[in-house]
Amino acid sequence: MLRSSGWAVASGYRHYSIQEVAFSFNGGKDSTVLLHLLRAGYFLHREEQSCSNGVLTDFPIRTIYFESSSAFPEINLFTYDTAKTYGLQLDIIRTDFKSGLEALLKANPIRAIFLGVRIGDPTAVGQEQFSPSSPGWPPFMRVNPILDWSYRDVWAFLLTCKVQYCSLYDKGYTSIGSIYDTVPNSLLSVSNSSKKEFKPAYLLPDGRLERAGRVKRISSSDTRFSAVNNGVDSEDSHRNRMFTASVIGVGDEILFGTVEDQLGPSLCRKLHSIGWLTSQTAVVRNDIDSVAEAVERCKSTNDMVFLYGGVGPLHSDVTIAGVAKAFGVRLAPDEEFEEYLRHLIGDHCTGDRNEMAQLPEGITELLHHEKLSVPLIKCQNIITLSATNVTELDKQWDCLIELLGSDGCLVKMEPYSSKQLTTNLTDVETAQPLSKLCLDFPDLYIGCFRKSREGPLVISFEGKDPTRIKAAVEALCKKFHPGAFSEVN
């Protein structure tokens, strides 16, 4: 990813002089990524030209900013602060994009413009890393270094490099347009908040839903946000709010292929049945650091994290210690839990077995249920399951639903509706229409798979609103000849 982007940046600098290139900056996350790639590329370019003193203070490439009265104040502020911080030569254009571009290219010898366009953007259709401008536009080369980056790639770069980005992204905005067509993404809504609050954009579990914060105004004269958020009614935002969970298995035996993991897939199905999204699954080594790293990574980006495996008196049972390390607390004896263990295993509760009663200090809650001989362990939003097979998991899950469903921790949401179509069309024939369909229906999960290389293509639709699924299916069928798709019962 970075190598391909670096090549595009370096090629742009080699093919055009500094006076012949420009950078279109709009204050958004994508162009912020591109800014830092261009700065790094320019530093390397100067070294190649043997004119670098090792310090990059200013960025001499002409930077274009189209200022609009409908732009968010936060975007304007971030843009001007960024220009000051990095010494950008900012050309502020206050006309429409095409007219402003025509005037700029007429007055300056610009032949190429670096753009922060990514696949999935409406303007990205048919573009490559180097693409001439469209017919009817002033002639210039569009250079798209991050064309192949995903939503997750963008945030991985920004967070890893610890660079500043627009503050709106910390308030639930995931794709920023104008003040008239952009709202916080309802999928990031914080359900237990007394006031309307949202998680940061980088916690969006599925990058395909990036543009779910774009609204469609009912009429051009209505400047209020009385709109349908890409099919998600704002009044039903809590009902449609996306709860996410991670599932982490602990066991070398799974990684070695000795044992087939059945608990992970079963947990995913259970979460799906109550309308939750499993954002990721993982299996880690029987190692305290491995467990701690996985828990640390997942606990702040999900509503709940479920752990299974690695619970007991054996040397390989390190799950609880890993949870404690992830939270930075020590293991301490829990008299209540030890009493349960003593009742379960009698006088054998000595030596190493007594260590089973040591739990993460200050963050542990024991979940009692009459059907469970030993309570389940909850550490904030981490649930540690002791099940060793699917039957035991079924029992513990039912108890969890009873215990946590009432207090909102494991609330049952609107269930998913689904539909599957099969077709003998090729992947090439269906690729572009399906990509467009994902943009038109960002609130749905549209997936494709084949059970065998020679078998039919299966297209699956998942979502909370059956009418949206029906609309998506009809929209896809209209793009092809009648009978191209068959519905799977």
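**Charges over rings**

Begin by selecting K299 and F327: the charged end of K299 sits over the ring of F327, 4.8 Å from the ring centre. A charge counts as sitting over a ring if NZ of Lys or CZ of Arg is within 6 Å of the ring centre and within 35 degrees of the ring normal. Next select K464 and Y416, where the charged end of K464 sits over the ring of Y416 at 5.1 Å from its centre.

Before continuing, note that this is a predicted model, in which local features need pLDDT of at least 70, side-chain atom pairs count only at pLDDT 80 or more, and totals for chains, interfaces and linings use all residues. Residues are numbered from 1 along each chain as its sequence is written, and side-chain values use heavy atoms, with hydrogens and water left out.

**The whole chain**

Show the chain as a cartoon. It contains 14 helices and 21 strands; helices (H or I, at least four residues) and strands (E, at least two) are DSSP runs, numbered from the N terminus. Of the 489 residues, 48% count as buried. Buried means under 20% relative accessible area, exposed means over 50%, and partly exposed lies in between (1.4 Å probe, protein chains only).

Now display the surface. The chain exposes about 24,600 Å², and carbon and sulfur atoms supply 51% of this area. Accessible areas come from the Shrake-Rupley method with a 1.4 Å probe; for residues, only the protein chains shown count as cover.

Among contacts between residues at least 6 apart in sequence, 72% join residues at least 24 apart. A contact means heavy atoms within 4.5 Å.

Select residues 2-15, which form helix α1. The 14 residues of α1 reach 20 Å from the first C-alpha to the last, close to the 20 Å expected at 1.5 Å a residue. The expected span is 1.5 Å times one less than the number of residues in the helix. In α1, the residues S5, A8, V9, S11, G12 and Y13 are buried.

Then move to helix α10, residues 319-327. Why is α10 described as largely enclosed by the rest of the structure? Eight of its nine residues are buried, so the helix is largely enclosed. To see them, select T319, I320, A321, G322, V323, A324, A326 and F327. F327 is also the residue whose ring lies under the charged end of K299. Just after α10, G328 takes a positive phi of about 70°.

**Positive phi at two other residues**

Most residues other than glycine have a negative phi. Select K162, which has a positive phi of about 55° although it is not a glycine. K162 lies in the loop between α5 (151-161) and β7 (216-217). Is K162 buried or exposed? At 74% relative accessibility, K162 counts as exposed.

Q380 also has a positive phi of about 55° and is not a glycine. It is found in the loop between β16 (376-379) and β17 (382-385). With a relative accessible area of 46%, Q380 is partly exposed.

**Residues brought together by the fold**

Select H36, in helix α2 (residues 29-48). At 12% relative accessibility, H36 counts as buried. Leaving aside neighbours within four places in sequence, H36 is in contact with Y86, F157 and V163. H36 and L158 are 122 residues apart in sequence, yet 9.5 Å apart in space, C-alpha to C-alpha.

Apart from neighbours within four places in sequence, D334 is in contact with A357, L359 and L366.

P466 is in helix α14 (residues 466-478) and is partly exposed, with a relative accessible area of 48%. Its C-alpha atom is 5.9 Å from that of S417, 49 residues apart along the chain.

**Aromatic rings and cysteines**

Select W155, Y165, Y169 and Y202, which ring pairs link into a cluster. The structure holds 16 aromatic pairs. Rings of Phe, Tyr and Trp (its six-membered ring) pair if their centres lie within 6.5 Å; planes under 30 degrees apart count as stacked, over 60 as edge-to-face and the rest as tilted.

Finally, select C438 and C448. The structure holds zero disulfides, a disulfide being a pair of cysteine sulfur atoms within 2.5 Å. The closest cysteine sulfur to that of C438 is in C448, 7.4 Å away, too far for a bond. C438 is partly exposed at 26% relative accessibility.
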